[in-house]
Amino acid sequence: APPLFSKFVNALNHHDGVVELPTAVDREFDYETELVIVFGKKCRNVSEGDALSVVAGYCVGNDVSARGLQNITSQFMAGKMSDGFAPLGPWLATRDLIQDPNNLRLQTRLNGEIRQDSNTSEMIFNCKKIISYVASIMTIEAGDILFTGTPPGVIWGQKVPREERQWLKAGDRVVSSIEGLGELA
């Protein structure tokens with residue numbers, strides 16, 4: 001099953017927003033470019049076959065993560081909920097503009113260097129599965145947003161010892177892009 005965690009309104013951020021890193025409690029900050037689903041209808045118990053019918057549209061998101069906080073317990077939320085840790089944008093592309101949300105090129109650039117170059121088809125769970133699963137647990141309201149997960153390429157997944165990873169630091173510029181949805185900086 002897809003792992004779930006909450007982000008709260010304090011985490012919302014915008015295109016060209018600044019993310020303040022809580023360096024007093026962590027030093028391992030990471031990017032995660034993700035397709036974000038924006039719901040257009042209230043729903044509960046939606047089948048996978050009907051899942052995309054409740055979507056208003058899609059946008060680019062960056063699930064900024066404090067990996068030290070994320071991993072001190074079995075619950076990811078502490079590492080995901082800091083102020084500004086959910087940049088979204090640069091705009092909403094309505095559902096009719098995106099033929100297949102599970103076949104979009106996704107990239108992350110850190111200070112101009114490509115770090116992720118993948119496709120939403122590489123996500124562990126597709127959009128229909130995620131929507132159906134979440135709607136089986138709770139009522140989704142129109143306007144709710146859902147980050148879908150990220151393909152390979154985040155700092156946390158690098159095949160080098162943790163202490164050698166180059167975590168995000170103050171002054172870094174992260175640009176997340178998804179085909180048809182624009183670039184979120």
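This is a predicted model: local features need pLDDT of at least 70, side-chain atom pairs count only at pLDDT 80 or more; totals for chains, interfaces and linings use all residues.

Me: Why is Arg 173 called partly exposed?

Reply: Its relative accessibility is 46%, so Arg 173 falls between the 20% and 50% limits and counts as partly exposed. Asp 16 gets that label too, because its relative accessible area is 46%.

Me: What makes Arg 173 and Asp 16 a salt bridge?

Reply: A salt bridge needs a side-chain nitrogen of Lys or Arg within 4 Å of a carboxyl oxygen of Asp or Glu. Arg 173 and Asp 16 have an N to O distance of 3.6 Å, so the pair qualifies. The two residues sit in distant parts of the chain, 157 residues apart: Arg 173 is in the loop between β9 (145-147) and β10 (174-178), and Asp 16 in the loop between β1 (12-13) and β2 (29-30). Those elements are DSSP runs numbered from the N terminus, with helices (H or I) of at least four residues and strands (E) of at least two.

Me: How many salt bridges does that rule give?

Reply: The count comes to 11. One of them joins Glu 32 and Arg 67 at 2.9 Å, N to O. Glu 32 lies in the loop between β2 and β3 (33-39) and Arg 67 in helix α1 (residues 67-70), so this pair ties together parts 35 residues apart in sequence.

Me: Are Glu 32 and Arg 67 buried or exposed?

Reply: Buried: Glu 32 has 8% relative accessibility, and Arg 67 has 0%. Both residues also belong to a network of salt bridges with Lys 7, Asp 30, Asp 63 and Lys 80.

Me: What is the label for Arg 115, and why?

Reply: Arg 115 has a relative accessible area of 22%, which means that it is partly exposed. Its salt bridge partner is Glu 113, at 3.4 Å from N to O, and Glu 113 is partly exposed at 47%.

Me: What makes a group of residues a nonpolar core?

Reply: The members must be buried Ala, Val, Leu, Ile, Met, Phe, Trp, Tyr or Cys residues joined through side-chain atoms within 4.5 Å. The largest such core here has 25 residues, and Leu 35, Ile 37 and Phe 39 are among those with the most contacts inside it. β3, β4 (55-62) and α2 (127-137) each supply at least two residues, with α2 giving the most, 5 residues. A second, separate core of 12 residues includes Val 64, Phe 85, Val 154 and Trp 167.

Me: Which residues does Ile 114 contact beyond its neighbours within four places in sequence?

Reply: Contact means heavy atoms within 4.5 Å; by that cut-off, Ile 114 touches Gln 107, Thr 108 and Arg 109. Ile 114 lies in strand β8 (residues 113-119) and counts as partly exposed, because its relative accessibility is 45%.

How values were computed:
Residues are numbered from 1 along each chain as its sequence is written. Side-chain values use heavy atoms; hydrogens and water are left out. Buried means under 20% relative accessible area, exposed over 50%, partly exposed in between (1.4 Å probe, protein chains only).
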